[in-house]
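Me: I have a structure I have not seen before. Can you walk me through it?
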Amino acid sequence: MKEYGKRIIALLLACMVAVLAPAQAWASETDEKEVAPGSSQEAEDRQGAEDSKETEQKENPGTSQEDVLEEQGEVTEPITKADKPYLALGANLSPAQQETVLSLLGINPAELADYDVIYITNQEEHEYLGEYVDAGKIGTRALSSVLIVKRDQGNGINITTKNISYCTIGMYKNALITAGITDADIIVAGPFPISGTAALVGAMKAYSDMTGAKVSEQSMDTALNELVLTGDIAEAVGDSQKAEELVAYLKQEVIEKGLDSENDIKEAIAEACRQFDITLAENEIAELTDLLQKIGELDLDVDSIKDQAEELYEKISNLDAKSIFDKVADFFRSILEFFTGLFS
């Protein structure tokens, strides 16, 4: 009987390996293709690879499956020229890349003249991001592009990303609210997988031109600081949503409670880290403290901050912490324990 039990256990272990191995291989392959966080030099400067595709893309300006990351989005209605949107295009897009980006944004290239268009240069990217991102990571070409339309009050900020490998919807949304932007639908796209950090510059400048409500240099600087730091924290803790949640919560705490001293803000950070089970290094705490002090100096809409924070909390609380791999492993482990006890 015990020998029979051992055979069953061996069979279960073989099944577990068979199920998990392909899944793990798939995950590894996905990780290898994903652009490393913040490495926009590698992502946005793949000139050699792009040159080899140039001829094919001119004849077939659509995008191939390997060139498109999974779309992440909240924009449910197409943004058309009737909405009078603004378009911020990367100034260094090649003709083929521009057609690809326009296609992802839902724009007919032949109708580009019907849109209000601004161009974001690599010099501007370095100017606004240079204090927070290494120059080598910013790259030498401006490729991130944004389509933005102003919506009615109460719409909130809805964002869809296409070919954006690093910046998440929550990171963009948090930073845009810090910049004072509300009630807009936004699509961010790249010609191939890129980090998307520089797209925030385009979104803020296009929104400013579209509405006539100038985004102050202080607000732009703070928003970009927030975007980059949230990404750094996400990389450190291995969870972008947790990082978004932490920053959103702390923004609300600082604004609602009027925290302005370094000690008060550090205490709030320590408490938030305990609540969200996050451990930060001393330099990360120092950078977060500086950011929150800058946020506290802005004239921000408290209701918008609270709404965004609550939305993030709800999203996080509805997530199952265990991955599919954990669930499969737990399933086989429970069966294994059952038979081990039965035949021991």
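Reply: One definition to start with: the expected span of a helix is 1.5 Å times one less than its number of residues. Keep in mind that this is a predicted model.

Me: OK, how does α9 do against that expected span?
Reply: Helix α9 has 21 residues and reaches 30 Å from its first C-alpha to its last, close to the 30 Å expected.

Me: And what follows α9?
Reply: G238 does, and its phi is positive, near 75°.

Me: Let me back up. How many helices and strands are there in the protein?
Reply: The secondary structure comes to 14 helices and six strands.

Me: What share of the residues is buried?
Reply: Of the 344 residues in the protein, 48% are buried. The protein exposes about 17,200 Å², and carbon and sulfur atoms supply 49% of that area.

Me: What about contacts between residues at least 6 apart in sequence?
Reply: Among those, 83% join residues at least 24 apart.

Me: Now the sheet. What order do the strands come in?
Reply: The order is β1-β5-β6-β4-β2-β3, in an open sheet of six strands with mixed pairing. Strands β1 (72–73) and β3 stand at the edges with a single partner strand each, so one side of each has no neighbour in the sheet.

Me: How does β1 run relative to β5, parallel or antiparallel?
Reply: Antiparallel, with two bridges joining them. Residue Q72 stands opposite T161 in β5.

Me: And β4, what does it pair with?
Reply: β4 pairs with β2 in the antiparallel sense over three bridges, and L87 stands opposite L147 in β4. β4 also pairs with β6 (residues 184–194), again antiparallel, over six bridges. There, I148 has I186 in β6 as its bridge partner.

Me: How much of β4 is buried?
Reply: Five of its six residues are, so β4 (residues 145–150) is largely enclosed by the rest of the structure.

Me: Which residues other than glycine have a positive phi?
Reply: K84 is one of them, at about 55°, and N163 is another, near 65°.

Me: Where do they sit, and are they buried or exposed?
Reply: K84 lies in the loop between β1 and β2 and is exposed, with a relative accessible area of 64%. N163 is in strand β5 and counts as buried, at 0% relative accessibility.

Me: Switching to helices. Which residues of α5 are buried?
Reply: In α5 (residues 122–129), the buried ones are N122, E124, E125, Y128 and L129. Seen down the helix axis, they fall within an arc of 155°, so they line one face of α5.

Me: What is on the other side of α5?
Reply: Q123 and E127 are there, and they are exposed.

Me: What covers the buried residues of α5?
Reply: The cover includes β3 (116–120), α6 (135–138), α8 (199–211) and α9 (217–237).

Me: Last topic, the largest nonpolar core. Which residues have the most contacts inside it?
Reply: M204 and L288 do, in a core of 86 residues.

Me: What does M204 touch, leaving aside neighbours within four places in sequence?
Reply: M204 is in contact with L176, A179, I181, V215, M220, A223 and L224.

Technical notes: Residues are numbered from 1 along each chain as its sequence is written. This is a predicted model: local features need pLDDT of at least 70, side-chain atom pairs count only at pLDDT 80 or more; totals for chains, interfaces and linings use all residues. Side-chain values use heavy atoms; hydrogens and water are left out. Buried means under 20% relative accessible area, exposed over 50%, partly exposed in between (1.4 Å probe, protein chains only). Helices (H or I, at least four residues) and strands (E, at least two) are DSSP runs, numbered from the N terminus. The arc is that of the directions from the helix axis to the C-beta atoms. Contact means heavy atoms within 4.5 Å. A nonpolar core is a set of buried Ala, Val, Leu, Ile, Met, Phe, Trp, Tyr and Cys residues joined through side-chain atoms within 4.5 Å. Accessible areas come from the Shrake-Rupley method with a 1.4 Å probe; for residues, only the protein chains shown count as cover. Two strands pair if DSSP finds at least two bridges between them.
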